[in-house]
Amino acid sequence: MKAVGLVVEYNPFHNGHRYHAEQAKIKTDSSVAAAVMSGPFLQRGEPAAVSKWARTKMALENGVDIVIELPYIYAVQKAELFARGSVSLLHHLGCSSLFFGSENGRIEPFIEASEAFSRKEDDCSLILKEELKKGLSYPAAASKAFSHIFKGRDMLDLSKPNNILGFHYVRAIHTSGSAMKPYTTARIASQYHDAELPGDNSRIASATSIRRALIEKGTAAAKSFLPEASARQLEAYRNSYGIWHSTEDYFSYVKYSLSTLSAEELSRIYEVEEGLEHRILRTIRQARSYREMMERLKTKRYTWTRLQRMNTHILTRTKKEDMHRLLQPSSAPYIRLLGMTKKGQAYLSAKKKELTAPLVSKLSSFSHPALDLDILAGRVYSLPIKEPERTLFEKQEFSQAPIRYDEDEKRFLNA
């Protein structure tokens, strides 16, 4: 059996994701689609609207055969580290290929960009440092450095979010020595950051616009852009826990965390750099909402995304020294299995002896500092849920076995 790897967040799983999973199998001639999915907190630092278990169910009902969790140490990170962890896990899982969506839509420019970067990595790093010193954000500085490399040639547009991730996926494949073959397809109908649902007859919308519609108007407003299973899981989650998670739900907890930290203690938190701790502590005393805090903190150099990730690390009290130590190994330390179809289970059974990292299906059977951080992130994620549901939510992290879905009978076997 051949598996294609997908790197996903499914926040929430929408029609575009279903099309992506279908195309991944077709374009790579694979029988199994394996998704590495962010856990409670996502690459841009915000909380997922619903839990990883709810999102796993959405995926399994819509063509994904295996869902594994991207550990916190990689999930809430800049593109390079996010890609490194994702590629490492898909390689551990024995995937033959990696399939991603991009604004470009052709794989050749990504391969050329990766090769060019390898030839001029020292020059690029030097330019990057110089641009950062000028006060540019990391994405803007990186874009300038890449522009220098590609001067006079048809350049991959690295100002686009999915092109940036795609570039780092291809880089990670090359630098790790993995035999996975990269594929890409053009994103269809909507752009990554589109805030409004399309007004035409399209059934594809960005996750950003779907989340906004859900929060402002409820499931009915976004239903035509979601598979039936996604709409059902979203409603079930809100009925069970009374919430769809958003950054504002965590503002009081950020404020509390900062009120208990000194400037020196705050400076040790991952992503708090260059005296930013003093600005943060001044700002939090004046801010009355998460948005107001972010607008006061944001500068040309400190982007919204970077600050949002920093706030999440403040909530989890993740220290620089701990994160740097956990990131030292070049590959992910374990594979946390969240769910599988019958076909996915057959693949894992066939590949079990070939997996290059421990497959974790029960938390009681495995221990690792990175997994401890995953568990802590889950507890922080549950904070806005009211009792007694919050305690029940926390218990699920330890009691939930990997979700099994029978795609023939279209039913869950243990959920």
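Let's start with Y381, which counts as buried because its relative accessibility is 1% (buried means under 20% relative accessible area, exposed over 50%, partly exposed in between, with a 1.4 Å probe and protein chains only). F41 is also buried, at 2% relative accessibility. Before going on, a word on the model: it is predicted, so local features need pLDDT of at least 70 and side-chain atom pairs count only at pLDDT 80 or more, while totals for chains, interfaces and linings use all residues. Residues are numbered from 1 along each chain as its sequence is written, and side-chain values use heavy atoms, with hydrogens and water left out.

Now to the rings. A pair of aromatic rings is described by the distance of the centres and the angle of the planes. Rings of Phe, Tyr and Trp (its six-membered ring) pair if their centres lie within 6.5 Å; planes under 30 degrees apart count as stacked, over 60 as edge-to-face and the rest as tilted. By this rule there are 11 aromatic pairs. One of them joins F41 and Y381, edge-to-face, with 5.9 Å from centre to centre and 90° between the planes. The two partners are 340 residues apart: F41 is in the loop between β2 (32-38) and α2 (52-60), and Y381 is in helix α19 (residues 369-381). Those labels come from DSSP runs, numbered from the N terminus: helices are H or I with at least four residues, strands are E with at least two. F41 and Y381 also belong to one aromatic cluster together with Y237, Y241, Y250 and F393.

Next, look at F100 and Y169. Their ring centres are 5.6 Å apart and their planes meet at 65°, so this pair is edge-to-face. F100 lies in strand β4 (residues 97-102) and Y169 in helix α8 (residues 161-176), so the pair ties together parts 69 residues apart in sequence. F100 is buried, with 4% relative accessibility, and Y169 is buried with a relative accessible area of 4%.

Two packed helices are described by the angle between their axes and the distance between the axes. The axes of α8 and helix α4 (residues 79-92) come within 8 Å and cross at roughly 50°. That makes α4 oblique to α8 (under 35 degrees is roughly parallel, over 145 roughly antiparallel, 65 to 115 roughly perpendicular, and the rest oblique). The axes are lines fitted to C-alpha atoms, for helices over the stretch in contact, and angles run from 0 to 180 degrees between N-to-C directions. Contact means heavy atoms within 4.5 Å. Among the residues that meet are F82, A83 and V87 in α4, and L165, Y169 and A172 in α8.

Then there's α2, where 8 of the 9 residues are buried. K52, W53 and L60 are among those buried, and the buried residues pack against β2, β3 (66-70), α11 (228-241), β6 (335-341), α20 (389-399) and β8 (403-406).

L281 sits in helix α14 (residues 276-284) and counts as buried at 15% relative accessibility. Leaving out residues up to four places away in sequence, L281 touches L258, L261, S262, A263 and L266. T247, in the loop between α11 and α12 (251-259), is buried with a relative accessible area of 19%. Its contacts, again not counting residues up to four places away in sequence, are E46, P47, Y290 and Q308.
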